[in-house]
Structures are given as C-alpha cells and as structure tokens.
Amino acid sequence: METGSPAPCTSPPTPPSRRRESAPPPPPPLKQQEGESGADFARRVFSAVFEDDVQRLLNMEVLWEKRRPPVKVELAKLALPDAAATAREEQRAWSVEESAAVLLASVERIFTQRASEVGSLAFDKDDDDAMDFVAAAANLRCATFHIPLQSRWEIKGIAGRIIHAIATTNAVIAGFIVLEAFKVLRSVQAAGGDLSKASIDACRYCVCNRHLSGPKENQLLLRMRLEAPEPKCYVCTGSTSTLELDTASFTVRSLVEQVVIKFLSFNKPTIDLTNELTHKTVLLWEGEDKDEGGGEEGELHGDKPLDSLPVKLGPGVVLEVEDTTQALKCKIALTHTLLDKEEHPSGFRFIAAADEAAAAPPAPAEEDSPGGDGSRKRRKVAEGDAAAAGAEPSGGAGSGVVVADDDDDVIMLE
C-alpha cells in the first residue's frame, strides 16, 4: 500500500504588527465638552467632586488614623426625587437624595438656559439657581464630612452675611493689621535689622466705640496700648505648669471636665500627651462637640486612668492643651501625688509655670489721649474708696487697687 507523503507543517501567518495607539486623556471633569448635554455634564461633575475626589482622600489612609473618614456620595445608588418640589421647601434640611437632585437640576439649568452667562456668573442670594446650587452642594459636602445638614433658608442667611463680612469687617481689620506691621518693620529697621531688639511699644490695638457720647463722642475707633504679658500667667509665659493629682484614680474625662474646662476655663480643648524625649504623641481629647462629628478620640481614652495611657507618665511627658476657639495654648506636666482631701477637695493642685519671685507686675494698659502722646490722667484709689466708687476690690495678685479714668468716668479694676 502506497502511502502519501505527509503534508508540510505550516504555521499560521503572523498578523501584521499593529501600531499601538495611546488612549485619549479623559476630558476635564469641570469643563463641558462640545456636544455634551447639560444633564450629562451635571452628572459628570457630581461624580468627579463627590465620588472620585473623596476616593482620593480615602486612599490617603494616614489622614484618617485619628479622625473620622469621609463618605462618598455615589450617584448610582441614590433614588432622586423631584428637584423642583424639593427646592420650594426652604424651611427644612434636604436629605442627601434631595440635595443631589437639586444640584443636578441647577447645573443643568445654568448650562442650558443661561449658557451665555457661564464664566461671568457671580453669587447672588436672590438668584434661585445660584442658591439651589450653593445649598445643595453645601449639604452634600456636609454629608461627606459628617457635618449637620442645613435648610436652604439657613444657608441663604449664612451666605448673605459672609459676602458682606468679606467686603467690610475683614477688610477694615486687615488694614489695621498692615498699619501695625509697618510699625514693627520700622522698629526692626531702627534696630539694625535685629528682630530680637525690635520694640512693639508703638503698636496699638483698636476698639470700636459703639456708644458715641461724652468726651469721645467724635472718636469711633479708640487706640489702646498693648498690655504687657502677665508674668504669672500659665498661657503668657509659655512654660510648663505642674498638675499634682492621683493619676491612678483620675481619668482622662475627669482631667478634661474638672481641670481643663472648669478650672482653667478652656472651651473646646484639644489635648495631646507628648513625650518630648521620644517625640511620641497620643491624642487624648478632640476639641469638637460630639454632635458635630468630633470627640471620638476623647471617647477612645475618656474613661482610662491617667497612669494607663499609651504614653507612660514620667520626665519629659507633658500635656499640650490647645483651644482654637479662644487662641489658648499651654503645657502641663502631670505628677502623681496623693493630696490631702480636706486641704484639696478638688483632688488636684495646679502650680503655674512662672517663677513668682522673679515676676514683676505688668505695666497697666493705657489708652492714648486725643493728642496721641500716650499720656492719660489716672488716679489710685485705696480699698476704702472702692466701695464708694461702686466697685469691689479684686482678690487676685493686684487686689486693692482701682484705677479710675478721669476722661470718661470708666472705672477699671486691676
């Protein structure tokens, strides 16, 4: 039997090489593309701002180790109600779904019905499209960062006041700050450029005379000399004060409520426990209301005794207490001490940082006279005269001294 020769082995033809073409870059998320409808553009803006941008923040995990992470608002998961009906309800806070619907509708209206104004529109609280956009966007951002939502009416009032404040109060204050900065710069120049030898004696702070009457009825702004730092003040000195207490029984919550807030008069303290030798820091208390999304770090350590914290108490370990609402900051070293309950019923003893032996009484603040020479008529009144003047002598370091202003019959206690 004759067998045929095997067919030659052939490989499939090699397809011609194809040139790789790079994908076109995505369009800018906040710029409408040619031929793109207002509705499609509004949805793309929404996804870029409230989904993609928030996801980028979430990817930076180090930011959320000590704070509550934001939440994405995913448009695909929302059941959007009627935007027109929602926008008419000004007295209640809109839900996330309602805010999303109003935002999309306002962007679509602006880019379809007012396209010629895009790029030149300015905020006006009486512009319904502008107010719908601002109210909806603000509430969506609040939802992202766990901030209580506001009604359209409340947002309208807030936005209206902010615009006027920028144009008036902030501008006036900025002007005064620049004038005082000139005085400091002249002092540095006079000192040969040595900042450590500069003087602020020429600087003043201004107060507004809200009741124009008496000798100063023509002076709306009154210039006042800067008060010298109080040498016995734990804030002014910047040194570390000492707090003696039983660290085994005192908890972080007791420290905050009884010492920092009640005794030291802090409002919303943020407290860090820091080892200045190893530079290790633990956040003990967050200076925000729990209803506003803060306070969680405080809850984390709130009921722990002070001697069982992650940073052990000892040399170089201090509490760094700060209150941004009052611009207060101080350092406190904790010392374990068993105090006598009858002598110290509060359970602690606070020792200010300043050395009282070296402390000198601060120079009293004086108001410039109308002539600007800084002179002022002042008289000392003994304790016996304080009652006649209608004032009680202070019980502090400067007790028994009352200073009367002969210019406008104002009595100041020092």
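Analyst: The model is predicted. On that basis the protein has nine helices and eleven strands. Of its 414 residues, 30% count as buried. Contacts between residues 24 or more positions apart make up 55% of those with a separation of 6 or more.

The central subject is the largest nonpolar core, which has 27 residues; Leu243, Leu319 and Ile332 have the most contacts inside it. At least two residues of this core come from each of the strands E3 (240–245), E4 (270–275), E5 (280–285), E6 (317–323), E7 (328–336) and E8 (348–351), and likewise from helix H7 (252–263). H7 gives the most, with five residues.

Leu319 illustrates the packing. Leaving aside residues up to four places away in sequence, Leu319 touches Leu255, Ile271, Asp272, Leu273, Leu284, Cys330, Lys331, Ile332 and Leu334. Another core, of 21 residues, lies apart from the largest one and has Phe41, Val45, Val49 and Phe50 among its members.

Returning to H7, its buried residues are Val252, Ser254, Leu255, Val256, Val259 and Val260. H7 is followed by Ser265, which has a positive phi near 65°.

Cys330, one of the residues touched by Leu319, has a relative accessibility of 6% and therefore counts as buried, the cut-off being under 20%. Cys203 is also buried, because its relative accessible area is 7%. With a disulfide taken as a pair of cysteine sulfur atoms within 2.5 Å, the count of disulfides is zero.

Most residues other than glycine have a negative phi. His279, in the loop between E4 and E5, has instead a positive phi near 60°; its relative accessible area of 66% is over 50%, so His279 is exposed. His146 lies in the loop between H4 and helix H5 (152–167) and has a positive phi of about 60°. At 18% relative accessibility, under the 20% limit, His146 therefore counts as buried.

Towards the surface, Val178, Leu179, Phe182 and Leu185 make a nonpolar patch of about 370 Å². Phe182 belongs to helix H6 (residues 169–190) and counts as partly exposed, because its relative accessibility is 41%. Gln55 in helix H1 (residues 38–59) is likewise partly exposed, at 28% relative accessibility; the C-alpha atoms of Gln55 and Val71 are 8.6 Å apart, with the two residues 16 apart in sequence. Overall, the protein exposes about 26,500 Å², of which carbon and sulfur atoms supply 54%.

Conventions. Residues numbered from 1 in each chain as written. Predicted model: local features only at pLDDT ≥ 70, side-chain atom pairs only at ≥ 80, totals over all residues. Heavy atoms only, no water. Core = buried A, V, L, I, M, F, W, Y, C linked by side-chain atoms within 4.5 Å. Buried < 20%, exposed > 50% of the residue type's maximum accessible area, 1.4 Å probe, protein only. Helix = DSSP H or I, 4+ residues; strand = E, 2+ residues; numbered from the N terminus. Contact = heavy atoms within 4.5 Å. Patch = residues over 30% accessible without salt bridge, like charges linked within 9 Å, V, L, I, M, F, W, Y side chains within 5 Å. Areas by Shrake-Rupley, 256 points an atom, 1.4 Å probe, with all protein chains shown as cover. Salt bridge = Lys/Arg side-chain N within 4 Å of Asp/Glu carboxyl O.
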